[in-house]
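I opened the notebook for a quick tour of this one. Here is what I looked up, in the order I got to it.

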Amino acid sequence: MTAPESTPVTVSWVPSRARRASRLLRDPSFLAGALITTLIVIVAAAPGLFAGFDPLAVDGSRRLATPSAVHPFGTDELGRDMLSRVIHGARLSVSSGFFAVLIATVLGGALGLVAGYAGGGLDEVMMRVADIFLAFPALVMAMAVVAALGPSLVNALLALAIVWWPQYTRLVRISVVAAKEQTYVEAARAAGVPERRIMLRHVLPNIVSPVIVKMTLDVGTAILLTAALSFLGLGAQPPTPEWGSMITTGRNYMLEYWWYPTFPGAAIFLTALGFNLLGDGVRDWLDPRMAAG
Amino acid sequence: MGLLILRRLLFLMVTIIGMSLFVFVVTHAVPQDPARLVAGDYATRDTLEKVRRDLGLDRPVWEQYYLYMRALMRGDLGRSFMTNKPVLREILTFLPATLELGGASIVFSLALGVGLGVLSAVRRGRWIDHLSRLISVGGAAMPIFWYGLMLQLVFYRRLGWLPVGGRLNATLAPPPTVTGFYTIDGLLAGQPAVAWSALVHLILPGLSLSLVTVAILARITRSSMLETLAQDYVRTARSKGLRESRVVLTHALRNAALPIVTVFGLRLGAVFAGAVLTEAVFAWPGIGTYAYKAIEFSDYPVVIGFAIVASVLYALVNLMTDLAYFALDPRLQR
């Protein structure tokens, strides 16, 4: 991107993006995050290549087997291979976290773009509505929404997107308000470019990086929250191999068979950790001003 | 200051109206029929009609909302479909358990989070600093329900040190209700065994609920302390010959407190959300468990009531945080 710096730089010196990128490649926590997320995304893309068993195949002869060479994560109460179930769960968790964030971004971003660009009464009303949504713990509100829509993984991620959009509306709005005072917008307007085109072709590309940073940071949280909703029975339903709902069933067997809830939970932890580390790195790279503090 | 409180209370009212409207519309837009729920699967058509009339479900949604809000002004949150008892009274009976758990987690968060942060700033680059940063990074990625289960596996199943869940040993009767906090009520009633059991039962859920806050507080305390420890007044205090503990705790920590309070305040509201998960893991009879059961049975008056009570608590906590800023930094009052 060769676009000019769109927002006033408030710190005295910010290294160039290329320099930050080369520094990023030597940052061990970013590299760890990139490695973990790459592995998990590969597994999520083609679980069949890695899983040794059918995640839904019931086998009464090997119920609740202790972890062994054949079943490294043991088996569950129906004799299903836990490792294969955890591997297949990656696809559901990664994609639900990703889509929840994506829907929230598209919805919230569009509203923020309109609010920031239009200003005035419309802006005021939209931001007060956003405030109301933000004045509420995300999980509690997502629970209420799922209660109404009925429990399923799709509804869980829709609920998350519904409670999450105002954060993106705020972020995009504030960036648009800052960007629209810039000279290049004035120049475009003076050249007679239509407003809609200014908004989409001139302002939007210049406010993309903080949004990408926030999306990367939010995917980990979204994975944690969809897993939490599934754990509460409000997301994926059995026998779907989803990590949160595997833990729900597994806790009934936990005191005798420790491995049952342990491995799906470790998978959630590792995935969220990977995305968080990756997000921190992307933030330092794309938006060093946000990294201060 | 008075103006700030007034403005916040006004916003709280707008929030409640907006939020209840939202939840109301969402819960009424779905095809599930609450009357069927109340009357049971085998109810005749006439019974269903009667139940629908009794619940006011035959009226248009906006009229139902108006009636609901009019009742809300009187502090009436309606009746639960399942138990037919007033929702507010039920929430109030479950609330002390949640507040006691929240209180315990706040104590843990402050002690562990600020403690770790201060230690890692003072012993920068040593093992405690590395440990604290590990907790900061790991805590933010931890599914707290799973963390709670793992605590149960280790401290109940493996070591046998702590109970697996609930508020009291099954052999003990709850103390007479004064505050609703079993630890305090146990002491007030002169039953130290009850108070002790209540305290022991708070440890694992409290730890589990505090983890995310500990992670965030440790990080912010560390960076804020590193900043103040480099200030001139800290050097002055040291050169006066003050003991190091006094320099760190009174001179540096006090001045590092503002960002810590900010972050802490932001996290407090999240404690209520996390309480739902923690209560589910530890069979804790609080409002989280109550709301969770209500969702399972599509008991909408309870779900909406819980949402309203939770948002009021959330807003009050935020208000108290703002007031705490003013106490810490009088310059902000202007």
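Why is α9(B) largely enclosed by the rest of the structure? I found that 28 of the 38 residues of α9(B) are buried, so the rest of the structure largely encloses this helix. Buried here requires 20 or more other C-beta atoms, placed from the backbone, within 10 Å of the residue's own.

A note on the source: this is a predicted model, where local features need pLDDT of at least 70 and side-chain atom pairs count only at pLDDT 80 or more, while totals for chains, interfaces and linings use all residues. Residues are numbered from 1 along each chain as its sequence is written, with chains lettered from A and ligands numbered from 1 in the order written.

Next I checked the geometry of α9(B), residues 192-229.

Then I turned to chain A. I counted 13 helices and zero strands, taking helices as DSSP runs of H or I with at least four residues and strands as E runs of at least two. Of the 293 residues in chain A, 49% are buried.

Last, I looked at where the chains meet. The contact takes 33 residues from chain A and 36 from chain B, counting C-beta atoms placed from the backbone and lying within 7 Å.

Key: Buried ≥ 20, exposed ≤ 12 C-beta atoms within 10 Å, placed from the backbone. Contact = placed C-beta atoms within 7 Å.
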